[in-house]
Amino acid sequence: MWKRLLRHGLAWLAIAFALFPVLFVLGTSFNPANSVSTTRIVPARPTLGQYRTLFSEYEFPSWLWNSVKVAGVSATLSVSLCALGAYAFSRFRFRGRRAGLLTLLLVQMFPQTLAMVAIYMILLAIKEHLPWLGLGTHPGLILVYLGGAIGFNTWFMKGYFDTIPRSLEESALVDGATPFQAFLRIILPLARPILAVVFVIQFVAFYSEYLIASFVLKGESKIYTLAVGLYYMIDEHYTDRWGVFAAGAVLGALLILVVFYALQSQIISGLTGGAVKE
Amino acid sequence: MRLPLGATGRTLLKVLLLGPLDAGAVYFAVLLSWQGSWGFLAFLLLGVGGINFLTLSRRSYPLRYLAPGLFFLLLMVVVPVGYNIYLSFTNYSTGHILTKQEVIRLLTSREYAPTPPMRFPFHAFGTPDELYGLVLLPEEGPRLLWPDGRLAPLEGHRLEDEDGDGVPETLDGHPRLVGRQLLAHYSTLQALRVPWEGGWLRLATLREFGYFLPQFRYDPARDVLVDQRTGVEYRAGTGGFYSPEGELLEPGWYTWVGVKNYLRFFFDPAYHRAFGRVFLWNVEWAVLTVVLSFALGLALAILLNDRGLKLRKFYRSLLIVPYALPAFISVLVWRGFFNTHVGLFNQLLRNWVGIEVPWLSEVFWARFSLIVTNLWLTYPYMMLVSLGALQSIPGELYEAAKIDGAGPWKRFTRITFPLLMISIAPLLIGSFAFTFNNFTLIWLLTEGGPVVEIGSRAGGTDILLSYAYKLAFQGARGNEYAMAAALGVIIFLIVTLISGLSFLRTKALEEISRGM
């Protein structure tokens, strides 16, 4: 009896640790006070004032839209590219296949961020010839994100494709379909769960990325992603923008939170499976 | 999906599609080679050649699927990594951005005014829309200056001073420009460089042209730059021209410097102390947070793994909330809590015990804050992987152990933990590598601060990656791109070494090769 109470007590203690920042920020965002933070979780007179300020005085809507756009486009493209590559690695036998897979794994060990200076220089050079794709543009940022996402996800999807029985495609191939048609009509629909998981994991990763975005999106504040925008908004302004920042934090986190809980079990199995789950 | 075409039809379609592409490529290739952009030219030719090969060759069939992904992987991972390694062996940084030719051109276009300065008044004629010509008035007599920079004698042109006040009103019938009318031609006038007695004339004020001499003359045979005023010779050395005293004439150019950048991290006092300090903390940080967060995650997993515990599904979904939020937002929120003046923690401490803790402004507390924040961010992941691993341990093992008289602690250390480590060790290594380079957390919470050493950019909580970021993008001494690139390579070597060694000790690699 006591033992069970102790267990529940410990669990609730951990939950308190997990949730207090969330509840506190939620409360702050409905609190009209901006300058001095209170220690109350539930505000005395809740208002939507902070949210109104956020939309009227800051470029928050642009930042949020930029983040969704960049993360959405990058995740969509990276899922398509990786599915194509994974299909080839899973179904075709060609010279250099093993070497290709191993190279992919090794390249992926070098985090892209370590080459940030080179990426900066390359985007600077691209800007001279193609201004819409270079430094300070969203397509440029997407380009960088796409490169970094290929290796791991191709591996991950290949593992899943390997579990889909070949007999399904073979009958289609006998009926005269090309391998590409088999891929499009048979493999992709069957692989829908893994495509969704990779999409969501990538979306969340791109949405939260700060380092690369911070030096690629130099320039006007209108082009910032949420991570860059919120940082510049609150950095040095904890004393006078805490309330309005809390509103931004709630809205910025909401989308990800909803998606995460909607696809909870798939995402968790994807994230915790890791690279070595084949 | 299949096009209703025969084999010939498909070939024809391919040719029709490739034709315009190749034509366009040739056009741009000519354009690029004319501009001298060889890097882009090579890229274009390789790309278009690749597309042609992929479309026309039968043997390349699997490559058609791989090419799109490989393209981005090459462009944004492989090429940057190679380029980064190259940069790390150069001196590319503020003051060493240009090529040698550009530096020579820049320095030889520097000018100085002779003493005493020579100034020639001038008059300009025309309309605000069109500049007809100028008349310069040197002591030896007026000269004509055309807007394209040619000097000409005044003979044959009519310069008329109708009211006789010494200032001409018209030139060949064109009226003299004054005030705002003259200002309309300011940029044209400013761009004029008129060769004049070994130097040049250029606009000095809105009324006068000045006579200037080149400050430096380049002697290609001896590769020296001679200062025309002082006669001092600047000799070309590594990355710049140097005075006889060994001082660099700014700006320098970028050049290959070998392993110098790497050596500086180990021997140059301006870097090696910072590097050592940052490296130590970086390792401590990664080890400490992974161990602590794994301990907490495992403890909670064991708690939740008890099938008799009611509400455990509900508890689990509440406990993973930190994992379901974008990390950058959580970190910025925690930074607000840690704020010394208005933060939640200090408010509570003030109310309860009347003290304040300098959370982010003292090294010890800044590190403490980072570890607490990261614990909050990462324990859910550890909990989830531990739960998964715990559930895969067969229950019979525990039954057998119980019968043999093993207590709970013994069962944990002899069965649970060793079995757990088999599947979790690779993930812990992955976590370690990720935490080792977790720039976002460090940057958004402390920006690497607080300052620990005046004049050094590395703060008390900087990790190697944030130190590199500071070197590259926010230096007080400008952008030290090459040093940052070298640091990137060093970080890669460290992480590879550590994770490579640990991977060898686990069976992860074997499992990977089975997957192929």
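Predicted model: local features only at pLDDT ≥ 70, side-chain atom pairs only at ≥ 80, totals over all residues.
Residues are numbered from 1 along each chain as its sequence is written, while chains are lettered from A and ligands numbered from 1 in the order in which they are written.

Let's start with the overall dimensions. The C-alpha trace of chain B spans about 125 × 85 × 50 Å along its principal axes. Its radius of gyration, taken over C-alpha atoms, is 36 Å, whereas a compact globule of 516 residues would have one near 24 Å; that rule is 2.2 Å times the number of residues to the power 0.38.

How much of chain B is buried? Buried residues, those with 20 or more other C-beta atoms (placed from the backbone) within 10 Å of their own, make up 30% of the 516.

Now the secondary structure: chain B has 18 helices and 16 strands, which are DSSP runs (H or I, at least four residues; E, at least two) numbered from the N terminus.

One sheet I'd like to show you is open, with 5 antiparallel strands in the order S12-S13-S14-S15-S16; strands pair if DSSP finds at least two bridges between them. Its edge strands, S12 (216-219) and S16 (248-249), each pair on one side only. Inside chain B, S13 (residues 224-227) and S14 (residues 233-237) pair over 3 bridges, and B:Leu225 stands opposite B:Tyr234 in S14(B).

Methods: Buried ≥ 20, exposed ≤ 12 C-beta atoms within 10 Å, placed from the backbone.
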